[in-house]
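Subject: Structure handover

Hi,

Here is the structure I promised to pass on. My notes on what turned up follow below it.

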Amino acid sequence: MTWRGIRLSSDIRSALEQLDRRELREIAKQRKISIPRSWSKTLIVELLALNVSRQDIPTLGTKPRETRIKSNGVPAIIMKDLVKRFEDVTAVDDLNLEIEQGELFSLLGPNGAGKTTTINILSGILEPTEGTAIVAGFDVTKNLEEIREIIGVCPQEAAVFKFLNARENIELFGSLHGVPGKELEERTNTFLELLGLAEASRRMAKGYSGGMLRKLNLMIALISDPQIAFLDEPTVGMDPRARRKTWEFIGSLKDQNKTIILTTHYIEEAEALSDRVGIIDYGRLIELGTPQELVEKYETKNLEQVFLKITGRRILEGI
Amino acid sequence: MELKKLIRQPANLFLNLLFPAVLTIVFVFAFADPELGMSINSVVPGLIVYAVIFVIMTIAQSFSTERQEGLLKRLRITPMTSSEFMGSQIITHMLIAVLQVIVVFTLAFLLGFRPDSGIQGIFLALPVTAIFSLSSVGLGLITATVSKTPEAATGISFVFILPQMFFGTFIPITSTTEQIARFMPSYYLLDALKMIFEGDWMNPNTFLDLGVISMVSTAIVVIGIVLFDKYGSE
């Protein structure tokens, strides 16, 4: 591989690519290489690849990313006394929760329970009013730059550029996350195939059905191969077949040891996919456990009945 | 990619490239008449200003639409900094302004426009107009900040478009209205373009105009970015 006519050592480069921006900056600091704050990860890797030797890269850079995440034993997400108020409404009320690395955690709750607000706090869109939220060891109020490098967010609404096609949308967000060109192309092709959008990938997104937009929404969230993915109702509006396909896709992420935080109104989705579920209502965590534990605890046939039993009062109130 | 997004939207394509083209043809036929005391050479600088003023509407619509569709929020979650995002928007709209000048010029040339400055004037007009487009970007951002929807953005953008249109394009102004026009950034671009096309670009007034355009446009775009970043991005 060459960069500006200089031959690069590909193993150094790939080792550097395994690291996150904070780790890259640490190496630069040790080697007394000045890097502007605004530089993307790709640029930093390019610069370091020209200036460092194999010995400068910590051993963790040679291991697969997944192994590193699993081995350090720190929870992927920690919420401690988390509160978010909007004027006189408390959307998240004293939330305390830890989510392990590699866990698929579903956050369930009625409309307006505080699920999306929680995700917005964890992804740095909203600042908490009180309390602490730590994502992969980074405080959401202090280390947003680092957090954005390692998370992927699939928002509730299909936030895609309607006048770009699927491929362009995915590649645009992939490049913003600094995914190298060839890798980006390969990953885009894989995603399009896996979620059945390959044929329509050159059509502008404005002509897509709701389900197709949802799939694209999800692909954009995951194109950067994030360590932690927040999926906010990713299958809303999908037909049962597409939803099933998406479940398989989300399940495959779990196999890659990614931490996934899922919110959904399809309780069977949460039951099928989740390691643990948390049920929140009025911003408070009211139940936590594996689907099986909750079913046994409430002596019901399935998780949906647990959910109705716990949150039934809101349904009775017509909310 | 930013340019692709803009060009692929029929409304934006019309507003950015076809609208200046239609305006050029219509206004040259309507106003470039000795009976009205105007020639094609006096109309074209105003047409260029007119076209660039409409960037206010394009950018206001574009930002408010992306905000409404959750795209700005999504972009904020990426590692891209807000200055990188704003930089890409500014460069895109400066390029559009340059394209607009080229469209107006080409058509005006076909309709008989022959500036005294020759081709050099055209090359000088491009960067001057690009700098002025910063003010339109800034005013577009201010419009997007105060508009809740893209529809509202379209309407509110006329608060900034109309005064500049009446006091700083090809519409004749009196000595009284000129006092008002001096508060419009477009007035200085019009004045500079007239001198450039007359081949009088070494005139100290051209440099004075350029200074005013640069300072005012920079100030407006900075205000626009700060306001949008603080109050308009959510």
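Chain A is assigned two domains, domain 1 (2–63) and domain 2 (77–316), with the bounds coming from an automatic or database domain assignment. The centres of domain 1 and domain 2 of chain A, taken over C-alpha atoms, lie 31 Å apart.

Before the rest, some housekeeping. This is a predicted model, where local features need pLDDT of at least 70, side-chain atom pairs count only at pLDDT 80 or more, and totals for chains, interfaces and linings use all residues. Residues are numbered from 1 along each chain as its sequence is written, while chains are lettered from A and ligands numbered from 1 in the order in which they are written.

Back to the two domains. Six residues of domain 1 of chain A are in contact with five residues of domain 2 of chain A (contact means C-beta atoms, placed from the backbone, within 7 Å). On the domain 1 side, α2 (21–30) and α3 (41–51) of chain A are the elements that give two or more residues. Helices here are DSSP runs of H or I with at least four residues, strands are E runs of at least two, and both are numbered from the N terminus. By class, that side of domain 1 of chain A has four charged residues, two polar and no nonpolar (Asp, Glu, Lys and Arg count as charged; Ala, Val, Leu, Ile, Met, Phe, Trp, Tyr, Cys and Pro as nonpolar; the others, Gly among them, as polar).

Helix α3 of chain A also holds E46(A). E46(A) counts as partly exposed because it has 18 C-beta neighbours inside 10 Å (20 or more would be buried, 12 or fewer exposed, with C-beta atoms placed from the backbone).

There is also a hairpin in chain A: β3(A) and β4(A) have two residues between them, and E87(A) in the turn has a positive phi of about 50°. The strands β3 (residues 77–86) and β4 (residues 89–99) of chain A run antiparallel and are joined by seven bridges (strands pair if DSSP finds at least two bridges between them). F86(A) has V89(A) as its bridge partner in β4(A).

Chain B has eleven helices and zero strands. Its radius of gyration is 18 Å, close to the 17 Å from the globule rule for 234 residues, so chain B is as compact as a globular protein of that length (taken over C-alpha atoms; the rule is 2.2 Å times the number of residues to the power 0.38). Of those 234 residues, 45% count as buried.

Best wishes
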